[in-house]
Amino acid sequence: MLKKIHIGQSDFKTVLTESYYIDKSLYIKDVINAGTSLLVTRPRRFGKTLNMTMLKYFYDADENNRDLFNGLNIETEEGGIYMEKCGQHPVVFMSFKDLKSMTWESMYVAFVENVLNALKPFRQILQDKKLPEEDLRLFQKLFSEKIDIAHFNGLLKSLCHILFQHYGKKVVILIDEYDSPVIVAHTNGYYAQMVNLMRSFLSSGLKDNPYLEKGVLTGITRISKESLFSDLNNFEVFSITEPKMADKFGFTQEEVHQMLSYYGIYGKEEAVELWYNNYQFGKTKIYNPWSIINFVNQDGETFDAFWVNTSDNALVRELMFNKTASIRNDLEKLIRGEWLKIQLEKNLSFPELKTSID
């Protein structure tokens, strides 16, 4: 019996155990070998959350997930040395993808709730009588519904310290879609407040934190250092232009052909490449995974632009209707098959969107 396909499922354990899974476990190796803090940017629907939940299951000291990785590439890579990290660290996992409030006030409430939800798995630490009284009081304060902006200045670092005291091991921080609230804030007019909050929040946990084992952020944009990461000079960035990790998000041609063969879809490789192989990460040709999964799920009978309308394209719309920018003329040239020569700007500075076409 063929394995089923989960459309839109991004939990690693569920996908691995219940559906067809393309092995991206060597992403764990890349993360372990990278610096302490790293940012990975990819388009939407390219498996960022799936890979982040894989990291959570791999590192999590509160669960025995070692069997999940039996038979995956990471298990035997370099003699299995990377598996020594499996189940060895407390993990703080949070996703900002659903933070889409229209006003600053409602965004702040949602942000606090999001952070508190990420702390819930650690409530049992309040029963740890070995912790110093000062740490226990601080931890109780973190669970309070009355957290104000001042708390975020050192929240992540304080949390890591408490978790280190309890577990005796450094902490892994995973933040998925870190840029989502910033994009929403820019669109709805409270960009400055959101950036200030995010800057203090991230800096406290990801810079000069002796209790941090690894900090991993994912997003669709690389927000400029001046805007958000001015205090974070230790970040290692893996964007779509970097050769490292190029094959860890999206599907390679070999992976697509294997999937088509598994489901008995033959003779359509060229058409699939024409429709869904329009990405290059580093020097690697990459297929859109969302489109491939939907195509296979329809037994290879329907070619369609499955990716359309799967995400909020507010930034693109803003640029398209910006009368001072020439992006519409440039896009029309591309549609006509003409070439554009541009200076690639890797960082996105939101205040400059209306003044710099790059």
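Author: What follows begins with the whole chain, turns to helix 2 and Ile28, and then visits several other residues.

This is a predicted model, in which local features need pLDDT of at least 70 and side-chain atom pairs count only at pLDDT 80 or more, while totals for chains, interfaces and linings use all residues. Residues are numbered from 1 along each chain as its sequence is written, and side-chain values use heavy atoms, with hydrogens and water left out.

The protein has 15 helices and seven strands, where helices (H or I, at least four residues) and strands (E, at least two) are DSSP runs numbered from the N terminus. Its radius of gyration, taken over C-alpha atoms, is 22 Å, close to the 21 Å that the globule rule gives for 358 residues, so the protein is as compact as a globular protein of that length; the rule itself is 2.2 Å times the number of residues to the power 0.38. Along the principal axes, the C-alpha atoms fill a box of roughly 65 × 55 × 30 Å. Of the 358 residues, 49% are buried, a word that here means under 20% relative accessible area, with exposed meaning over 50% and partly exposed in between (1.4 Å probe, protein chains only). Among contacts with a separation of 6 or more, 78% join residues 24 or more positions apart, a contact being heavy atoms within 4.5 Å.

Within helix 2, Ile28 is buried with a relative accessible area of 0%. Leaving out residues up to four places away in sequence, Ile28 touches Met54, Leu55, Phe58, Phe69 and Ile74. The chain also brings Lys248 to this region, in that its C-alpha atom is separated from that of Ile28 by 9.7 Å although the two residues are 220 residues apart along the chain.

From helix 3 one can move on to Ala61, which sits in the loop between helix 3 and helix 4. At 27% relative accessibility, Ala61 counts as partly exposed, whereas Ile28 is buried. Not counting residues up to four places away in sequence, the residues that Ala61 touches are Gly87, Gln88, His89, Pro90 and Tyr167. The C-alpha atoms of Ala61 and Asp135, 74 residues apart along the chain, are separated by 21 Å.

The cysteines come next. The structure holds zero disulfides, a disulfide being a pair of cysteine sulfur atoms within 2.5 Å. The sulfur of Cys86 has its closest cysteine sulfur in Cys160, at 20 Å, which is too far for a bond. Cys160 is likewise in no disulfide, since the nearest cysteine sulfur to it is that of Cys86, 20 Å away. Both side chains belong to buried residues, with a relative accessible area of 9% for Cys86 and 0% for Cys160.

Two residues deserve a look for their backbone angle. Most residues other than glycine have a negative phi. Met245, however, has a phi near 65°, and it lies in the loop between strand 5 (235–238) and helix 11 (253–262). Asp299 has a positive phi of about 60° although it is not a glycine, and its place is in the loop between helix 13 (289–297) and helix 14 (314–320).

Leaving aside neighbours within four places in sequence, Asn294 is in contact with Ile7 and Phe306.

The C-alpha atoms of Phe152 and Thr14, which are 138 residues apart along the chain, are separated by 33 Å.
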